[in-house]
Amino acid sequence: MEFVTYYFTLLVMLASVLAAATCFSAYLASRSRGMALAFGGFLCYFVDVAFMLQDSIAAVVLGTAVDPGYLVMRSLATIAIGDAFLTFFWLLACNFTGERNRVVQAVPPVVFLVVSVGLLMGATTPEGRFWFYSLRMFYVLWILGFSLFRYFATHDPLERTRMARAKVVFWVVAALALLVIAEDALMFLVLQTDEWALGPLVISAERNYAENLLMLAASLLAIGYAARSLSLRFTAPPADEDDARAAHIGDNLIIYGNRHGLTEREREVLRLILQGKDNQNIASTLSIALSTVKVYVHRLLQKTGCENRQALVQDFWRNI
């Protein structure tokens, strides 16, 4: 069982560092703030998992004479790195939902840090250990709940359509987060044991396998997304995005354009349509005649099979 745990830990660490590397590469190519935040989150989680291997080494070297000071410092370091990796993903959710209020962004990590240190003091009882180890997933559930609130709070139907594309990720993360809490409840509140033998497998209470599974799934998802972003750079260079909606168009415009066989100029016109510009503004922005813009718009509607500009915009956000 020790070897199974060891190699599973290596797998999670490998996935985390690969996700961090691909996200960082995608950031360098696209200057996407989301990719930068994902890079920070996965890198911090890599360090967090590395602490597990450190504990195994400490148990072998120190044996039963583990210094209490080491345990305290180890716990505080775990809280700090856990707060860091969760906050990166919290800021990623803020970036995705368009939340720009700095106070709103700052409150959750501060609350998590303070509550974690407070719970550490009472982590000697089964209930105390449950709340201490499960607090991470309550942070995750907060991120999901806030994202859901932002989804229903927006009055922009196109923004809601864009956010709805992440519904599969939302429900997968929610299910795995609840599984993590269920695992903690089983080990700390029901069984109240440090280890649980399941056939030939010995499951440690302080080692949350469901959390590792959650981050493994997140790593694979991020690797796929970042790799797709990098591959698109062979088609078109990154564009400077100034406002919130334009920042979400990005690579999706390239994907949509490739799907419908749009030329580079047609993609430029579509980008401006998605930003809400009328034909006259598009003509001024691109320094072309108004009649030429009308020709490009007509071609866009023909190639995408849309009846009008509104249907074109809805089709973009719904189907990319």
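## Packing of helix 5 against helix 7

In this predicted model, helix 5 contributes P126, E127, R129, F130, Y133, S134, M137, F138, V140, L141, L144 and L148 to a contact surface with helix 7, where the partners are F170, V173, A174, A177, L178, V180, I181, D184, A185, F188 and L189. The axes of helix 5 and helix 7 come within 9 Å and cross at roughly 170°. Because angles over 145 degrees count as roughly antiparallel, helix 5 is described as roughly antiparallel to helix 7.

## The course of helix 5

Helix 5 bends by about 45° at L135. As for its end-to-end length, the 28 residues of helix 5 should span 40 Å at 1.5 Å a residue, and the separation of 39 Å between its end C-alpha atoms therefore agrees with that expectation.

## Nonpolar cores

The largest nonpolar core comprises 44 residues, and C23, F42, F85, W90 and M137 are the members with the most contacts inside it. Two or more residues of this core come from each of helix 1 (2-30), helix 2 (33-62), helix 3 (68-97), helix 5 (126-153), helix 7 (167-191) and helix 8 (209-232). Of these elements, helix 2 gives the largest share, with 9 residues.

The surroundings of F42 can be set out residue by residue. When its neighbours within four places in sequence are left aside, F42 is in contact with S16, A19, A20 and C23, with F89, and with M215, A218, S219 and A222. In soluble globular proteins, nonpolar side chains tend to be buried together.

E195 lies in strand 1, which covers residues 195-198. Its relative accessibility is 52%, so E195 counts as exposed, the cut-off for that class being over 50%. Although E195 and R207 are 12 residues apart along the chain, their C-alpha atoms are separated by 9.6 Å.

S287 is found in the loop that lies between helix 11 (279-286) and helix 12 (290-304). The backbone of S287 has a phi near 55°, which is a positive value in a residue other than glycine. With a relative accessibility of 66%, S287 likewise counts as exposed.

Definitions and conventions:
Residues numbered from 1 in each chain as written. Predicted model: local features only at pLDDT ≥ 70, side-chain atom pairs only at ≥ 80, totals over all residues. Heavy atoms only, no water. Core = buried A, V, L, I, M, F, W, Y, C linked by side-chain atoms within 4.5 Å. Buried < 20%, exposed > 50% of the residue type's maximum accessible area, 1.4 Å probe, protein only. Helix = DSSP H or I, 4+ residues; strand = E, 2+ residues; numbered from the N terminus. Contact = heavy atoms within 4.5 Å. Expected span 1.5 Å × (residues − 1). Bend = angle between axes of the 7 residues up to and from the residue. Axes fitted to C-alpha atoms, helices over the stretch in contact; angles between N-to-C directions. Parallel < 35°, antiparallel > 145°, perpendicular 65-115°, else oblique.
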